[in-house]
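Trainee: I would like to learn how to read a structure feature by feature. Can we take one together?

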Amino acid sequence: MGANVRKRARHGYVTPLLWPSIGYFEFNVMTCLNLLTAKDVTYICPYIGALRGTLTVTNYRLFFKCMDREPAFVLDLPLGVVSRVEKIGGASSRGEVSYGLACKDIRNLRFAHKQMEDSLRKSIFEILMKCAFPVSNGLTIFAFEYGQVYPENGWKVYDAQAEYKRQGLPNESWRITKVNDHYELCDTYPSTLVVPVNIPDEELKRVAAFRAKGRIPVLSWIHPESQATVIRCSQPMVGVNGKRSKDDEKYLQTIMDANAQSHKLFIFDARPSVNAAANKMKGGGYESEDAYQNAELVFLDIHNIHVMRESLRKLKEVVYPNIEESHWFSNLESTHWLEHIKLILAGALRIADKVESGKTSVVVHCSDGWDRTAQLASLAMVMLDGHYRTIRGFQVLLEKEWLSFGHRFQLRIGHGDKNHTDADRSPVFLQFIDCVWQMTRQFPAAFEFNEYFLITILDHLYSCLFGTFMCNSEQQRVKEKTVSLWAYINSQPEEFTNPLYVNYSNHVLFPVVSMRHLELWVGYYIRWNPRMRPQEPVHQRYKELLAKRAELQKRVEELQREVTNRSASSSSERAGSPTRSITPVQTFV
Amino acid sequence: MRMFDGRVLLKQVILLFWPLISTWVQGAEKIDSCQLQVLEMLSSLGSAGGKSAKPSFVSYVTPEEIKSEKEPSRKEKHPDLLPGEVVFCSASTVLKYTQDDLSQRGVFGVLLCTNFRVSFVSDEEPTEEMGQLFKNKLYGENDIPLSCVDNIYGGSEDKRKLITGGLVKNKYPSKMIIHCKDLRVFQFSLSFSKEEDAKKIFQGIVHHCLEPKSLRCLFAFSYCENTSYPEAQRKKQTVMFDSVEDWTQDMKRTKGNCRVVSENSNFELSPKLPQYFIVPKNVSDEDLTKYQGKGLPMWCWSHHSGCALFKTASIPLVQEDNVPQTYMEKMLTAVAHNHLYSVKTEDLSDTLPTVQDILLSYNKFKQFFLIDNTTEFWMSDMKWFSSLDNCGWLDIIRQCLQKAVEVVESLEKENTNVLIMEEGGSDLCCVVSSLVQLMLDPYYRTLLGFQSLVQKEWVAGGHAFLDRSNHLHLKDKVESQSPVFLLFLECVWQLQQQHGPAFQFSETYLTVLSDSVHVPVFTTFLFNNDGHRDSLLRAESPHTQRSPLNCPTVWDWSVQFDCKAQDLFTNPLYTEKPKQDTSVRKSYRPRHLRQLSLPSSAFKTPPKKGFFKDEADNLKKILGVKRLSRWMLSPSSDSPQTSSSVREFYEAWQTKPLDYHGLLLPCLDGPSIRVWMQRYLRWIHDVQILGGGPVAMLSKVSEILGEVQELQRQLDRHGCTLTSNHKGARPRAKTAAAVIAARSSVRLSSSFPFVTSRNWAFKPAIPTSLLQSLMVTGMPGNLADREDDGGPESLV
């Protein structure tokens, strides 16, 4: 196994092309194993053409370097992003065999290799198949071996009690229950839940019996003034016969009563009404307005995970590798991607509007309450609460609404699983991040984090380097064994900070959800195309000006000191000092 | 009966105009009597055949209310008239609907029609607004300059009908919808006014907005007679290109070596030729007048390598006639002689859309923004992207930019002279040549430089502004109407959007400039060419002592905006060219410096398609081929090649470090060409991002820029202090956006500075009709019906 010389990885994980200065990872010597190095491999770049270089595969990533170019061309991707490895065709005319890697981050890579070194080529393919899909091969995902130590333990970023305390909970209407401490009430829910004070744990169990997967309505967010709440849950088990549950009805009534400002309760069902009705065949369904008095049911028409997966597949076809110039907008429209984004944002906007303007509590659910519900609840919370627009607040939001409430990351992403056609895979989380990005576009000064923060989160959604997006629920997540993504991000917050951020935390953001203002996130979906150079001239200019201001301030102060000194030496009866420090003009956006 | 009525009306209309015209000729003092006459005429016009007024409407305003408002308002409620402005007719208790509101709410007021505008004066007390800062001094938010009216619709109940001018029948619609060229939409209800008044105002507005009129009727003429602009102020620093000096100066600046022609200063050579222009050195005097200037290469700009860009109106090719061919060859040789004996020709008529295509496309495009109500808006939202593609407007923008990049490539990379041509030589030639200069020459990206560029290429260059805008609604000019200048501004906006820090002027500046085209006050946009202007202004001023009428140009921004508002024209991202930092620039341009130092004979570009060498035979041969190819080849057949070459050129440029004071190239890929949001979306309530939009970003930048400038000043002062020990007052310098932001507690919206967010409830726009938008059925396996979890086995 000459090629399999075990060697320490010399090169860090660099997000290819776009952010070359970022993220130099020092690897734990023992955990990153260099499994193969092959020379004279051709990478067929869709933009530059064929590049000849050295390919290295470790148990974490694939590294290709071509020294023929100035500067050297480097391709470095974590194997976690690989969704599919396949051999392409037979031997070509040049006697090369090629194999393609379809990636989860909207790109395909193609390598070719001379056939004569047959044994070696085979080993590249085999090793890729093995390392890219550790779960299918009975190996461990790299996140469980990654042993980098960061100054901060990222798992401590979110503390459910502390977050609820920030919201002013518990209070006279809401209590924190320990009924799910051992995940007995609901194994996909977090251990800490906020429920109405008047409902004892015994009744919660009866409510759980009426809600799909036992995911009872619990509080996600409470308005600091009106006490209107955002409640999330799964669908009620109504079934074809229109079953009712007195406990569930009473429970929702209590939720409504907890908000004195309104005598109404809005139930937002994320699904199209047709799909919600179809769920009755399987025992599910939706709340009938007869059974739930004072409740108004609204369908938000957001499609299921399969539609979204198909939409992303089409989007990839349109944007990678090249963009057809002439029919760009029609092609984009045909993917429906932005329409789905619009529907999700519109749903969240309606929720936020009801809570903020209507001072009404809302209940959000879809079928199981871990996909569309997570999208809607967390987006509404980003609109309503400025805390979630900070770097740490956003981390808390993800930890809370996505990780602890059991968005099934393992299934939706398919970490380390070679079954790329798995119907459980879906870009639900990607859509959420896209929606947040759309909001950062509309409110460029309202978010503490920048675009790179969002891209980094998405990159590590697939990278399998951190434990954050592993597993399907809080119960499954064994935090001690992995490093949290937030440990890395919080170790260099300046990289992820939006210089234009103004903390107007008390402002509610209502994005415009018209297609006129939605745009494709070029910086993410088309980032592999070198023609789409990322530009942040405003940020750059702002930083320059900040530096310039600091410099000038320093010089002014120096001069002032000099003036003071001179006048002090010339006249001893100097009374009112003329020195005046520059007070920065109050910032306002 | 109707025919008869019509003739009577026609007579009256003609009658109506005689006094006006004669008044203008005779001077300003008669205006008042003229006004009276006009009013009389109009009132008789309105009452002819009309029934007596009777209350034929149901109003939720009590008659008392109407009465109490009407009596005093009749005389008081009119806008502050501009000098020379005359009220034609007016009607009170007109209801102006609140924009984009289906609930039919609105405000009552007086609707007037003057010789300048249609104006609505609200009965409500005007509130002091922070938006006043960006107030246009000529017209307010409820005024529509007559030439800004795009279409008028008559509406009753649910129907709406386009009013096409001509003689309006005795009927008048209960609702009048006015679409403006700056994309505002006004809806007025006439059903609460007196029938007589309503008819009068409707007919008056239709008449003055849509009927053909003579150029002398444009407001500029009566305005200019009644105002005076000191010459010194007028000129400021924009180079007007109306003198030999301006042209010579510009040629010197770019180190060109062509010949300035001043022989036409009194239009002796031809009224169709510009007053002053520059041609290649080898063009002889007699060449100048052949074919009325057609085929004459006009110098636009010289590249620092020595090659230059020329434009010309192409000579129509006549079969069996060799004379134009020979002339053309001679001209090409003259161009080739300018530098390195090479020339590349670009016939824009072959590769770019025609002016009619441009108009058609724009007419489709603008409809997306002329929104009458919210439902319509959200309906159109579903097919927004494909509609954008279908109207082709963005594609036309892309084509123009691409053509400009091709020309830039020839100049910058191949150092070839380029001659662009088209039929008239003053439409797409202007677009492309101006864009080329913007990309290559950082001077034109400054505010004054840009204004000079428009003067040079468009005004002096003879773009037929009058015919293209058809302000006069002449029936025979309908064909020539086309928003070519707007197309140019769109292209500039794209460049600016992609390379913000390279431009001294802001997006707001471009938007305001695009609006100003429709304000018939500025000489800049009133004429077809130099000769046209000269003949008209000469004829217009019988008093010899006041020779040529002294109208402001659009560059006199103080006519429209005060200084504070003008601050918004500058782009806070713009960085001045670093003065001492030549090292960076050197690395960018050494290639050309080296080439410049080469003796011209030593460097010859290899002949290829579109290149011409000095040898006459060869030239003829190639020219023949070129001519032939013009007819034989379809434009699309060779476009993939050029587009891939442009692609390579762009990519090569892109790999170099970006220098905002050097060459700029636009990215032309699909997502990079965008809709000019500020211009098109500013009036649509449902898409205003409250507290967001670019202003949220830019105001922060301009704020800190103000602080930096302030510190700089302080530093300078301290420098003095050290020597003189003198302390001056401390001026507070902040840019306008920062001032507005700081002054008000209102959050700015994405349509800043055009609309203030005052009337808007802090309520989000919830899209209607969402579900229909998604046609997800018919997908493989009907994914929409599937369960969220589990594989295919769990299909519902």
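Trainee: Which hand does the crossing of α6(A) and α7(A) have?

Mentor: This is a predicted model. In it, α6(A) passes α7(A) in a right-handed crossing.

Trainee: How do the axes of the two helices, α6 and α7 of chain A, lie?

Mentor: Helix α6 covers residues 305–319 of chain A, and helix α7 covers residues 328–335. Their axes come within 8 Å and cross at roughly 160°. Angles over 145 degrees count as roughly antiparallel. Therefore α6(A) and α7(A) are roughly antiparallel to each other.

Trainee: Which residues of α6(A) and α7(A) meet?

Mentor: From α6(A) come Ser311(A), Lys314(A), Leu315(A), Val318(A) and Val319(A). They meet Trp328(A), Asn331(A), Leu332(A), Ser334(A) and Thr335(A) of α7(A). By class, this contact has 5 nonpolar, 4 polar and 1 charged residues.

Trainee: What lies in the loop between α6 and α7 of chain A?

Mentor: Pro321(A) lies there. Look at the peptide bond from Tyr320(A) to Pro321(A): it is cis, with omega near -5°.

Trainee: Where does a cis peptide bond join Leu169(A) to its partner?

Mentor: That bond joins Leu169(A) and Pro170(A), and omega is about 0°. Pro170(A) lies in the loop between α2 (160–166) and β8 (174–177) of chain A.

Trainee: Now the backbone angle phi. What is the phi of Tyr183(A)?

Mentor: Tyr183(A) has a positive phi of about 55°, although this residue is not a glycine. Find Tyr183(A) in the loop between β8 and β9 (193–196) of chain A.

Trainee: Next, the rings. How many aromatic pairs does a search of the whole structure find?

Mentor: First the idea. A pair of aromatic rings is described by the distance of the centres and the angle of the planes. Here the search finds 79 aromatic pairs over all chains. One of them is formed by Tyr99(A) and Phe125(A). Their centres are 6.4 Å apart, with 75° between the planes. Planes over 60 degrees apart count as edge-to-face, and that is how this pair is classed.

Trainee: Which parts of the chain does the pair of Tyr99(A) and Phe125(A) link?

Mentor: Distant ones, 26 residues apart. Tyr99(A) is in strand β6 (residues 96–103) of chain A. Phe125(A) is in helix α1 (residues 118–132) of chain A.

Trainee: What does the UniProt annotation cover in chain A?

Mentor: The unreviewed UniProt entry gives "domain: Myotubularin phosphatase" for residues 154–525 of chain A. Over those residues the chain is 40% helix and 9% strand. The end C-alpha atoms of that stretch are 28 Å apart.

Key: Residues numbered from 1 in each chain as written. Chains lettered and ligands numbered in written order. Predicted model: local features only at pLDDT ≥ 70, side-chain atom pairs only at ≥ 80, totals over all residues. Heavy atoms only, no water. UniProt positions renumbered as here; feature names shortened; annotations may be inferred. Helix = DSSP H or I, 4+ residues; strand = E, 2+ residues; numbered from the N terminus. Axes fitted to C-alpha atoms, helices over the stretch in contact; angles between N-to-C directions. Parallel < 35°, antiparallel > 145°, perpendicular 65-115°, else oblique. Left-handed = near helix turned anticlockwise from the far one by under 90°. Contact = heavy atoms within 4.5 Å. Nonpolar A, V, L, I, M, F, W, Y, C, P; charged D, E, K, R; others polar. Phe/Tyr/Trp six-rings, centres within 6.5 Å; stacked < 30°, edge-to-face > 60°.
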